[in-house]
Amino acid sequence: MRWYLLHDRATVFVDNDDWYLLVHTTCKHLQDDYRCGIYETRPQICRDYTTDECEFEDDWCYEKYFETPEQLDEYADALFGPQFPDPDLDECHALRSRRSTALPIA
Ligand code: SF4
(Lines give C-alpha, C1' and ligand atoms only; values in the text may rest on other atoms or scores of the structure.)
Protein backbone atom coordinates (compact mmCIF):
# COMPACT_ATOMS: atom_id res chain seq x y z
CA MET A 1 0.00 0.00 0.00
CA ARG A 2 2.80 2.36 0.96
CA TRP A 3 4.47 1.69 -2.39
CA TYR A 4 1.36 2.84 -4.23
CA LEU A 5 1.45 6.13 -2.38
CA LEU A 6 5.05 6.75 -3.36
CA HIS A 7 3.80 7.37 -6.89
CA ASP A 8 2.52 10.64 -8.27
CA ARG A 9 -1.22 10.87 -8.87
CA ALA A 10 -2.02 7.79 -6.80
CA THR A 11 -4.17 7.77 -3.68
CA VAL A 12 -5.79 5.06 -1.61
CA PHE A 13 -9.25 5.10 -0.14
CA VAL A 14 -11.35 2.76 1.99
CA ASP A 15 -15.02 2.14 1.42
CA ASN A 16 -17.03 -0.50 3.28
CA ASP A 17 -13.75 -1.88 4.66
CA ASP A 18 -12.41 -2.54 1.14
CA TRP A 19 -9.20 -0.75 0.14
CA TYR A 20 -8.92 0.79 -3.32
CA LEU A 21 -6.16 2.33 -5.38
CA LEU A 22 -7.18 5.52 -7.13
CA VAL A 23 -5.03 6.58 -10.10
CA HIS A 24 -5.65 10.21 -10.99
CA THR A 25 -4.82 10.01 -14.67
CA THR A 26 -6.70 9.21 -17.82
CA CYS A 27 -5.90 6.12 -19.82
CA LYS A 28 -3.56 6.80 -22.73
CA HIS A 29 -6.01 4.99 -25.00
CA LEU A 30 -8.90 7.30 -24.17
CA GLN A 31 -9.62 9.32 -27.31
CA ASP A 32 -10.78 12.92 -27.57
CA ASP A 33 -14.35 11.73 -28.11
CA TYR A 34 -14.09 9.68 -24.86
CA ARG A 35 -14.15 6.39 -26.75
CA CYS A 36 -11.60 3.64 -26.23
CA GLY A 37 -8.83 3.63 -28.85
CA ILE A 38 -8.20 -0.11 -28.42
CA TYR A 39 -11.75 -1.24 -27.75
CA GLU A 40 -11.42 -4.62 -29.52
CA THR A 41 -8.23 -5.52 -27.64
CA ARG A 42 -8.84 -3.66 -24.36
CA PRO A 43 -7.64 -5.40 -21.17
CA GLN A 44 -9.90 -7.77 -19.27
CA ILE A 45 -10.22 -5.33 -16.36
CA CYS A 46 -11.81 -2.85 -18.78
CA ARG A 47 -14.16 -5.55 -20.09
CA ASP A 48 -15.21 -6.45 -16.55
CA TYR A 49 -15.78 -2.85 -15.46
CA THR A 50 -19.36 -1.82 -14.84
CA THR A 51 -21.02 1.37 -13.67
CA ASP A 52 -23.77 -0.61 -11.93
CA GLU A 53 -22.52 0.40 -8.47
CA CYS A 54 -21.41 3.94 -9.27
CA GLU A 55 -22.52 6.35 -6.58
CA PHE A 56 -23.59 9.31 -8.68
CA GLU A 57 -25.70 10.70 -5.86
CA ASP A 58 -23.19 10.07 -3.09
CA ASP A 59 -21.53 12.85 -1.12
CA TRP A 60 -18.01 11.74 -2.15
CA CYS A 61 -16.88 11.13 1.40
CA TYR A 62 -14.49 8.25 1.97
CA GLU A 63 -14.16 6.30 5.18
CA LYS A 64 -10.40 6.77 4.89
CA TYR A 65 -8.35 8.58 2.28
CA PHE A 66 -4.55 8.58 2.00
CA GLU A 67 -2.50 10.81 -0.27
CA THR A 68 0.99 10.25 1.14
CA PRO A 69 2.96 7.38 2.71
CA GLU A 70 3.30 9.51 5.83
CA GLN A 71 -0.47 9.59 6.28
CA LEU A 72 -0.55 5.81 5.98
CA ASP A 73 2.30 5.49 8.51
CA GLU A 74 0.44 7.76 10.90
CA TYR A 75 -2.70 5.68 10.52
CA ALA A 76 -0.79 2.43 11.08
CA ASP A 77 0.93 3.89 14.14
CA ALA A 78 -2.42 4.94 15.58
CA LEU A 79 -3.93 1.54 14.88
CA PHE A 80 -1.07 -0.83 15.72
CA GLY A 81 1.40 1.29 17.66
CA PRO A 82 4.69 2.51 16.22
CA GLN A 83 6.05 -0.06 13.78
CA PHE A 84 9.08 1.63 12.29
CA PRO A 85 11.11 4.02 14.45
CA ASP A 86 12.75 6.78 12.44
CA PRO A 87 16.16 5.37 11.42
CA ASP A 88 17.64 8.88 11.32
CA LEU A 89 17.04 9.37 15.02
CA ASP A 90 18.81 7.38 17.68
CA GLU A 91 16.64 5.95 20.43
CA CYS A 92 17.46 8.81 22.81
CA HIS A 93 16.09 11.36 20.37
CA ALA A 94 13.28 9.42 18.77
CA LEU A 95 9.79 10.46 19.72
CA ARG A 96 8.95 6.83 20.22
CA SER A 97 11.27 4.05 21.18
CA ARG A 98 11.21 0.48 20.02
CA ARG A 99 8.78 -1.76 21.79
CA SER A 100 10.57 -3.90 24.35
CA THR A 101 10.71 -7.60 23.69
CA ALA A 102 8.25 -9.70 25.57
CA LEU A 103 9.46 -11.68 28.55
CA PRO A 104 9.53 -15.42 28.03
CA ILE A 105 6.64 -17.29 29.58
CA ALA A 106 7.85 -20.07 31.83
S1 SF4 B 1 -11.61 0.84 -21.92
FE2 SF4 B 1 -9.67 0.51 -20.89
S3 SF4 B 1 -8.11 0.71 -22.49
FE4 SF4 B 1 -9.98 1.61 -23.29
S5 SF4 B 1 -9.82 3.79 -22.76
FE6 SF4 B 1 -10.95 2.82 -21.09
S7 SF4 B 1 -9.38 2.32 -19.58
FE8 SF4 B 1 -8.32 2.71 -21.52
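User: How many helices and strands does the secondary structure of the protein come to?

Analyst: There are three helices and three strands. Both kinds of element are DSSP runs numbered from the N terminus, with helices being H or I of at least four residues and strands being E of at least two. Along the sequence, the pattern reads α-β-β-α-β-α. Before we go on, please note that this is a predicted model, in which local features need pLDDT of at least 70 and side-chain atom pairs count only at pLDDT 80 or more, while totals for chains, interfaces and linings use all residues. Residues are numbered from 1 along each chain as its sequence is written.

User: In what order do the strands form the sheet, and is the pairing parallel or antiparallel?

Analyst: Here is the general idea: strands of a sheet pair through backbone hydrogen bonds, either parallel or antiparallel. Two strands are taken as paired if DSSP finds at least two bridges between them. In this model the three strands make an open sheet, ordered E2-E1-E3, with antiparallel pairing. Strand E2 (18–23) and strand E3 (64–66) are the edge strands, each pairing on one side only. On average, neighbouring strands of the sheet are turned by 20 degrees against each other, direction ignored. For such angles, axes are lines fitted to C-alpha atoms, for helices over the stretch in contact, and the angles run from 0 to 180 degrees between N-to-C directions.

User: How many bridges join E1 to E2, and over how many do E1 and E3 pair?

Analyst: E1 and E2 run antiparallel and are joined by six bridges. Among the bridge partners, Ala10 goes with Val23 of E2, and Val12 goes with Leu21 of E2. Strand E1 (residues 10–15) pairs with E3 over three bridges, again in the antiparallel sense. There, Tyr65 in E3 is the bridge partner of Phe13.

User: Which residue in the turn of the E1 and E2 hairpin has a positive phi?

Analyst: That is Asn16, with a phi of about 50 degrees; the hairpin has two residues between its strands.

User: Are Arg9 and Tyr34 buried or exposed?

Analyst: The test counts other C-beta atoms, placed from the backbone, within 10 Å of a residue's own: 20 or more is buried, 12 or fewer is exposed, and in between is partly exposed. Arg9 counts as exposed because it has 8 C-beta neighbours inside 10 Å. Tyr34 is exposed because 7 other C-beta atoms lie within 10 Å. For the protein as a whole, buried residues make up 1% of the 106 residues.

User: What is Val23 in contact with, leaving aside its neighbours within four places in sequence?

Analyst: Contact is defined by C-beta atoms, placed from the backbone, lying within 7 Å. By that rule Val23 touches Arg9 and Ala10. Val23 lies in strand E2 and is exposed, because 12 other C-beta atoms are within 10 Å.

User: Why does the span of helix H3 agree with its number of residues?

Analyst: The expected span is 1.5 Å times one less than the number of residues. Helix H3 (residues 69–80) has 12 residues and should therefore span 16 Å, and its end C-alpha atoms are 16 Å apart. After H3 comes Gly81, whose phi is positive, near 90 degrees.

User: Finally, which residues surround the ligand?

Analyst: A residue is near a molecule if its C-beta atom, placed from the backbone, lies within 6 Å of it. Around the ligand are Cys27, His29, Leu30, Cys36, Ile38, Arg42 and Cys46. By class, this shell has five nonpolar, one polar and one charged residues. In that scheme Ala, Val, Leu, Ile, Met, Phe, Trp, Tyr, Cys and Pro count as nonpolar, Asp, Glu, Lys and Arg as charged, and the others, Gly among them, as polar.

Terms used
Contact = placed C-beta atoms within 7 Å.
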